[in-house]
Amino acid sequence: MRLDEYLEFETNERAERRRLAREKDYGILDHLDSFERRFEAEVSDDAVVGSVSPSIFVGRSDYPNVSTGLLSPVGREERAASFRTSGAWYDEGVSIADVFERRTSLLNANRGVDVNDAGIGGEPGVHDAWDGWLGVQREVAIADRPVDVEIGLDGTPDLDFEVGVEDVKTPTGPRAAARDASLGENPHVPRPVKKTLEDDDWRAEGAMTYLYRRGFDVYAINTILSAGALGRGEDRRLVPTRWSITAVDDTVGTYLRGSIRDAPSIDRIEVHRNEYLGNAFWVVLVPGNWEYELVELKAPGSIWNPDPDAGVYLAAASEGREGRTGYVEETAGAYYAARLGVLEHLHERGRQAKVLVCRHVSDDYWGPVGVWQVREAVRNAFAGEHGTAETFGEAVRGVTEHLPISLGRLRRKSTMAAGLQANLADFAGRDE
Amino acid sequence: MFKAIVSASTLQDALDSVSVLVDECKIRLNEEALSIRAVDPANVGMVDLTLEAAAFESYEADGGVIGVNLARLEDIAGMANSGDLIHLELDEETRKLHIETDGLSYTLALIDPDSIRQEPDIPDLDLPAEIVVEGAQLDRGVKAADMVSDHIRLRVDETAETFLIEAEGDTDDVDLELAREDLIALTAGSADSLFSLDYLKDMNKAIPGDAEVTVELGEEFPVKLHYGFGEGLGHVTYMLAPRIQSD
């Protein structure tokens with residue numbers, strides 16, 4: 001196994017993360033205090049906030065009655081664009097604490113809405129989708145830069161913040177009930193987005209794929225989908241942010257999987273690795289027809305497995321050449337986010353492969369920052385050197401040496417580690 | 001030319017065995033038998049079905065090939081009660097299949113057979129072990145394995161002369177050990193292969209509980225499952241590629 005040659009654990013970084021983790025509570029409380037001071041300075045007597053909004057948030061509790069909010073960095077407008085979740089966060093190397101700081105810097109001014117009310121041809125609702133609250137929200141979602149807005153608030157914000165235990169969602173910051181909102185400018189909307197918005201005869205999946213092919217990243221697409229701006233007229237709905245993220249990863253991934261369906265296989269086994277925010281990713285590519293599995297190992301003491309005496313928690317989900325027929329019960333949004341990163345790489349190479357991704361969540365991962373972290377870590381796992389192995393068994397053994405579980409346990413949990421799917425052509429003209 | 005009358009249950013059993021693997025297939029309407037051979041899009045599972053002319057109440061065919069959407073045809077066959085007879089007649093002009101059962105008539109548009117994936121060649125495998133087991137026993141093993149894992153190991157213990165169905169899950173294990181006396185027949189040989197339960201479950205679904213299933217098995221080789229239906233005049237062979245363990 002020639003894995004070790006290119007692997008060096010960056011011990012200083014790990015120590016630094018531990019320190020951050022210990023200080024997490026104070027850090028976030030500081031962010032909230034400074035938000036409160038800014039908020040008091042910025043909000044006028046009639047509780048109107050003039051700010052810019054880089055994005056929206058649609059909550060999912062109590063669906064179909066969702067809370068839908070305009071996010072605005074009250075008093076820190078110059079940094080608005082950087083507060084919007086995107087792949088750039090990885091390139092900047094934001095830390096877990098940075099993510100919390102950014103999220104808690106955005107005021108979520110929200111109102112409750114029935115998702116069906118945002119439909120064009122749905123039940124007549126109190127809100128018209130093209131002006132008023134939903135109209136402003138839609139404009140913010142489809143614009144490609146932060147939009148000037150004025151938001152009327154109903155009372156003062158609740159300066160709490162929320163850290164969900166769910167992997168997909170990013171932490172959310174202060175919330176306030178909103179009365180109304182208006183645009184302070186005519187937002188800039190890219191042409192392809194206008195096209196998908198205006199065509200109300202276009203199924204959402206097709207429109208998402210179109211935007212992706214026109215160079216929009218999944219972050220922009222899920223915001224647009226979330227605002228109910230994609231799909232056939234009568235099907236358009238507000239989509240909770242969390243669901244829209246997974247829907248876009250799945251849809252774009254399915255498109256990419258189709259694009260490599262008949263592509264030649266890679267020639268040799270490759271082992272790629274990346275580590276980000278306390279999560280290590282091992283990506284093993286094996287020659288053959290597309291097959292994919294994500295195995296997650298969650299260390300005791302990490303966010304989803306908080307008991308330090310508990311063993312490593314394992315979860316896995318997989319698909320064969322034709323994709324999955326059932327819902328992903330384990331690994332959830334991370335499954336589709338990691339799959340997207342892998343498929344983008346294979347699509348770019350014009351190759352297919354069998355792909356085993358192992359995600360090791362260490363106890364350094366003290367707060368879930370959102371599934372973008374999985375997507376970006378896997379996307380960036382292919383840069384630079386990679387390890388090789390003669391056989392898949394050798395590769396899996398090599399990876400297991402760096403994981404806190406035995407090969408036997410991995411084989412029990414992982415479909416691919418237990419055995420790779422052969423096809424009948426492999427046996428044509430062979431005799432035992 | 002194709003014109004036949006068949007019992008609804010025989011037709012349903014035949015269609016079920018194919019539809020677990022593919023959505024569309026070619027049906028060969030030969031003089032002595034109707035036959036279907038199809039492989040799933042991933043080329044992992046294959047089915048080879050023959051329904052002899054004698055399985056029909058009446059059967060006339062002259063070697064044509066038609067392409068059908070299996071789900072549609074199954075739906076129509078499902079409209080008949082199992083004791084009912086189904087009349088099938090091909091209209092060569094319109095390329096439609098007329099189906100009639102108990103006063104209900106249905107005209108099924110056919111698919112151009114050339115647009116359907118090619119029928120596979122059957123790999124010629126000489127598998128060392130052969131086990132004949134009741135469909136119900138196989139069903140027990142598959143169902144139990146599915147509770148703990150998504151793959152299943154089929155193997156023969158040559159010295160103990162037993163057939164073993166095993167599954168290992170994250171925490172739990174399942175073992176079904178069938179000795180010679182639990183089986184209809186056993187030819188022991190070196191056989192140990194791992195299979196995806198996704199596929200085997202689907203195949204198992206189509207196998208009647210009272211069928212005698214012949215299982216041919218090797219070392220990390222495809223498994224062949226044969227069984228009969230329709231009073232022994234229908235024959236199905238499944239072939240499933242293994243999952244290969246790598247050392």
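Author: Let us begin with a single pair. In this predicted model, E270(A) and R349(A) form a salt bridge, their closest N and O atoms lying 2.8 Å apart. The two partners come from distant parts of the chain: E270(A) belongs to strand β7 (residues 269-276) of chain A, R349(A) to helix α10 (residues 332-349) of chain A, and 79 residues separate them.

Reader: What is the general idea behind such a pair?

Author: Side chains of opposite charge can pair when their charged atoms come close.

Reader: Which residue of chain A forms a salt bridge with D170(B)?

Author: D170(B) pairs with R409(A), and the closest N and O atoms are 3.8 Å apart. This pair crosses between chains: D170(B) sits in the loop between β12 (162-168) and β13 (173-179) of chain B, and R409(A) in helix α13 (residues 407-413) of chain A. D170(B) is partly exposed, with a relative accessible area of 22%, and R409(A) is likewise partly exposed, at 27%.

Reader: With which residue does R153(B) form a salt bridge, and how far apart are the closest N and O atoms?

Author: R153(B) forms a salt bridge with D192(B), with 2.8 Å between the closest N and O atoms. R153(B) lies in strand β11 (residues 151-157) of chain B and D192(B) in strand β15 (residues 191-196) of chain B, so the pair ties together parts 39 residues apart in sequence. R153(B) is partly exposed at 24% relative accessibility, and D192(B) is partly exposed at 22%.

Reader: How many salt bridges does the structure hold over all chains?

Author: The structure holds 32 salt bridges over all chains. Charged residues may also be joined in a network, as are D217(A), E344(A), E376(A) and R379(A).

Reader: Let us turn to the domains. How is the size of an interface often given?

Author: It is often given as the accessible area lost when the parts come together. Here, chain B is divided into domain 1 (2-114) and domain 2 (129-240), whose C-alpha centres lie 28 Å apart. Between them, domain 1 of chain B and domain 2 of chain B bury about 1400 Å², 63% of it on carbon and sulfur atoms. On the side of domain 1 of chain B, V20(B), V44(B) and M46(B) lose the most area to domain 2 of chain B, together 31% of what that side buries.

Reader: How many residues of each domain of chain B are in contact, and how many salt bridges are counted between the domains?

Author: In chain B, 20 residues of domain 1 are in contact with 16 residues of domain 2. The count of salt bridges between these domains of chain B is zero, while seven residue pairs are in polar contact, with both residues at pLDDT 80 or more.

Reader: Which elements give two or more residues to the domain 1 side in chain B?

Author: They are α1 (8-19) and β4 (45-52) of chain B. The largest share, eight residues, comes from β4(B). By class, the side of domain 1 of chain B that touches domain 2 has 11 nonpolar, four polar and five charged residues.

Notes: Residues numbered from 1 in each chain as written. Chains lettered and ligands numbered in written order. Predicted model: local features only at pLDDT ≥ 70, side-chain atom pairs only at ≥ 80, totals over all residues. Heavy atoms only, no water. Domains from an automatic or database assignment. Contact = heavy atoms within 4.5 Å. Buried area = accessible area lost by both parts, 1.4 Å probe. Salt bridge = Lys/Arg side-chain N within 4 Å of Asp/Glu carboxyl O. Polar contact = N/O pair within 3.5 Å; in protein donor to acceptor, adjacent residues only side chain to side chain. Helix = DSSP H or I, 4+ residues; strand = E, 2+ residues; numbered from the N terminus. Nonpolar A, V, L, I, M, F, W, Y, C, P; charged D, E, K, R; others polar. Buried < 20%, exposed > 50% of the residue type's maximum accessible area, 1.4 Å probe, protein only.
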